[in-house]
Amino acid sequence: MRETKNSKKSKNFFIRPEIFPAEKIRAFFTGRTPGIDREAVSRELDTSFSEKGLFMPVQKHTARVLVYEELTEDEIFKNPPEADAVITARPNTALGIMVADCVPVLLYDEKKGVTGAVHAGWRGTAQGILRNTIQKMASVFGSRPADIRIAIGPAIRKCCYEVDMGVLRQIEASVAASQPDNVPLYLVKGPKAYIDLPEANRRQAVACGAKPENIWVSEKCTSCDPGHFNSYRRESRLGAKAPGRQGGFIIRIS
Ligand SMILES: [Zn+2]
């Protein structure tokens, strides 16, 4: 696993997961810059050939997955529905989600040509947003979980993400128990628990039938790296009223 950066003329920071075939997929996670700047992201995705531009749902920490093909023109262009994941089998259709500590996940099934983008905070993770996305790719487009490639982007990790035991138990319950614990799901230090949200999502994907070798996980922690990432927890603690966001974006080229 290697993370790559691209800093052409600006300070733009992109992480390009190498799990996707470069000739068919453009996919990346952004850093603090360009964050969710639609112009910079669209330029990098090269959406010039796509009439509809970049689609992002209105995120609400739900477990709801949108199927792009089921959206109306009004929903695509003006009033995106509330949801925390979106999938499509259409080429030249750019999907994205925004995060700042929550986990951004990008998916691609080469056999069925399906792409997806997921926002998984602790609530979404506990409710199974990634599981729902994989299951919807299967039920709507006929994807086999074993064929789906998954990139789990920079998010808050167990070095920083203190949660209470109630949250810990909910997340634990959302992932399969019978998996090799080569990466711990959480740490307990005294009365406090620290959870690894990316690892929880990786386990959820494996429990759905995704192959571990088809899952790429960024090692970055958004809270630990203020030079590159916005962090809701870190910035809120410092008094920021509206912490910035970065995102995950994907497009399949026809
Ligand atoms: Zn950290």
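**Close-up 1. Helix H1 lies across a set of strands.** In this predicted model, helix H1 (residues 38-45) lies across E1, E2, E3, E6 and E14. Relative to E2, H1 runs at about 145 degrees.

**Close-up 2. Here is the open sheet of 5 strands.** Read across the sheet and you get the order E1-E2-E14-E6-E3, with mixed pairing. Strand E1 (14-15) and strand E3 (54-55) stand at the edges, each with a single partner strand, so one side of each has no neighbour in the sheet. Now look at one pair of strands: strand E2 (residues 25-30) and strand E14 (residues 246-252) run antiparallel, joined by 5 bridges.

**Close-up 3. Another open sheet has 3 strands.** Its order is E10-E12-E11, and the pairing is antiparallel. Which strands stand at the edges? They are strand E10 (162-163) and strand E11 (186-189); each has a single partner strand, so one side of each is left without a neighbour in the sheet. E11 pairs with strand E12 (residues 192-195) over 4 bridges, in the antiparallel sense.

**Close-up 4. Helices H4 and H6 pack against each other.** Two packed helices are described by the angle between their axes and the distance between the axes. For helix H4 (residues 129-141) and helix H6 (residues 197-207), the angle is about 35 degrees and the axes are 9 Å apart. The crossing of H4 past H6 is right-handed. On the H4 side, the contact is made by Ile 129, Leu 130, Arg 131 and Ile 134, while H6 brings in Asn 201, Gln 204 and Ala 205. Sort those contact residues by class and you find 4 nonpolar, 2 polar and 1 charged.

**Close-up 5. This is the largest pocket.** How much space lies in the largest pocket? The answer is about 360 Å³. There are 19 residues lining the pocket, and His 61, Ala 100, Cys 102, His 119 and Tyr 232 lie nearest its centre. Strand E6 (94-99), helix H3 (122-127) and helix H7 (232-237) are the elements that each give two or more residues to the lining. Split by class, the lining has 9 nonpolar, 4 polar and 6 charged residues.

**Close-up 6. A cis peptide bond sits between Thr 33 and Pro 34.** Omega for this bond is about 5 degrees. Where is Pro 34 found? Look in the loop between E2 and H1.

**Close-up 7. Asn 92 and Asp 101 both deserve a look at their phi angles.** Asn 92 has a phi near 55 degrees, a positive value in a residue other than glycine. You'll find Asn 92 in the loop between strand E5 (85-88) and E6. For Asp 101, phi is near 110 degrees, again a positive value in a residue other than glycine. Asp 101 lies in the loop between E6 and strand E7 (103-109).

Conventions. Residues are numbered from 1 along each chain as its sequence is written. This is a predicted model: local features need pLDDT of at least 70, side-chain atom pairs count only at pLDDT 80 or more; totals for chains, interfaces and linings use all residues. Side-chain values use heavy atoms; hydrogens and water are left out. Two strands pair if DSSP finds at least two bridges between them. Axes are lines fitted to C-alpha atoms, for helices over the stretch in contact, and angles run from 0 to 180 degrees between N-to-C directions. A crossing is left-handed if the near helix is turned anticlockwise from the far one by less than a right angle, and right-handed if clockwise. Contact means heavy atoms within 4.5 Å. Ala, Val, Leu, Ile, Met, Phe, Trp, Tyr, Cys and Pro count as nonpolar, Asp, Glu, Lys and Arg as charged, and the others, Gly among them, as polar. On a 1 Å grid over the protein atoms alone, a cavity is a set of points where a 1.4 Å probe fits but cannot get out, and a pocket is an open set with protein on both sides within 12 Å along at least five of seven lines; lining residues have an atom within 4 Å of a point. Grid points are joined across faces, edges and corners, and a volume is the space filled by probe spheres set on the points.
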